[in-house]
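Hello,

Here is the structure for you to look over. My notes on what was found follow below it.

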Amino acid sequence: WLLWIDMDTLVVNMSVPLGSLVTLAGPATHMVAAASAQGAKKLEDGSMWHTPRLNAGILFVRNSAQALELLQVLSVRAMPKGVWNKKIHGSRTWGDQDTLIYFLSLQPRGYSRIVPNQVFNSRPGNPRDPTRHYIVHFPGFGKSAQVRGFLSALRNATNGADPVVTLTRLPRAAIVGRRRMEAP
C-alpha cells in the first residue's frame, strides 16, 4: 500500500499505525479515501457550492496495476471536457480531486472505499477535541492561521505539552509528496 498525503496535513495520533488503516479495504479494493463534509452552501456571488463526495488530500492506494492506472491519471489530471456533472460529482475544485472523483465514477463497485473523514482526514474543528484527531487536513486558504489555531487548541488540550514534537515523528518513508510521485 502507498500513502498519498497532501503537504497541508499533520499526523496527530502516533499511536495508530498507518498499516491499521488498510484493514478498511476489502480484497478487491484498490483505494481508500475519506469523505468530504457533505452539504451545499451559498457563495458570495449567489451561486451554490455542492461539496464533492470525497477529499483527495489523503489516500491509501493498493500496489496493483489498477491503482497504478489511477496514479497515472492523477499525475496528468486527465479528464475529458464536458463530463463533469455537478449533481453526481459535486462542485468542481479544478484540481486532482476532480480527476479522482471522475475516475472513480467509471470504476466497478468495490474499486474504492470511502470512509468518514474523521477516520484519517479530519478538519481542525471536527471533532472539536483536538486530541481525538488521527490525521488532520487543512485544505483551502488561510492554512497558517488554521494550523496556528489547531496547534494552540491542541496545546491547551494537552496541558501545555508542545504538540509539534508529537506531530513530527512520522517516519520519512511514510511521507509521499504529490509532486515527487512517479510511476515505476
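**Aromatic pairs**

The structure holds three aromatic pairs. Rings of Phe, Tyr and Trp (its six-membered ring) pair if their centres lie within 6.5 Å; planes under 30 degrees apart count as stacked, over 60 as edge-to-face and the rest as tilted. One of the pairs joins phenylalanine 103 and tyrosine 111. This pair is edge-to-face, at 6.0 Å centre to centre and 70 degrees between the planes. Phenylalanine 103 and tyrosine 111 are both buried. Buried means under 20% relative accessible area, exposed over 50%, and partly exposed in between (1.4 Å probe, protein chains only).

Phenylalanine 138 and phenylalanine 150 form another edge-to-face pair, with 5.9 Å between centres and 70 degrees between the planes. Phenylalanine 138 sits in the loop between strand 8 and helix 4, and phenylalanine 150 in helix 4, 12 residues apart. Helices (H or I, at least four residues) and strands (E, at least two) are DSSP runs, numbered from the N terminus. Phenylalanine 138 counts as buried, at 1% relative accessibility. Phenylalanine 150 is buried too, at 3%.

**How the model was read**

This is a predicted model: local features need pLDDT of at least 70, side-chain atom pairs count only at pLDDT 80 or more, and totals for chains, interfaces and linings use all residues. Residues are numbered from 1 along each chain as its sequence is written, and side-chain values use heavy atoms, with hydrogens and water left out.

**Charged side chains**

The count comes to one salt bridge (a side-chain nitrogen of Lys or Arg within 4 Å of a carboxyl oxygen of Asp or Glu). Aspartate 8 and lysine 143 form a salt bridge at 2.6 Å, N to O. Aspartate 8 lies in the loop between strand 1 (2–5) and strand 2 (9–11) and lysine 143 in helix 4 (residues 143–157), so the pair ties together parts 135 residues apart in sequence. Aspartate 8 is buried, at 16% relative accessibility. Lysine 143 is partly exposed, at 31%.

Arginine 123 is buried yet has no salt bridge. The nearest side chain of opposite charge is aspartate 6, 8.3 Å away. Here Lys and Arg count as positive and Asp and Glu as negative; His and the chain ends are not counted. Arginine 123 is placed in the loop between strand 7 (112–115) and strand 8 (135–137). The arginine 123 side chain reaches the backbone oxygen of asparagine 121 at 2.6 Å. Leaving out residues up to four places away in sequence, arginine 123 touches Asn55, Asn117, His133, Val136, His137 and Pro139. Contact means heavy atoms within 4.5 Å.

Best regards

Terms used:
Polar contact = N/O pair within 3.5 Å; in protein donor to acceptor, adjacent residues only side chain to side chain.
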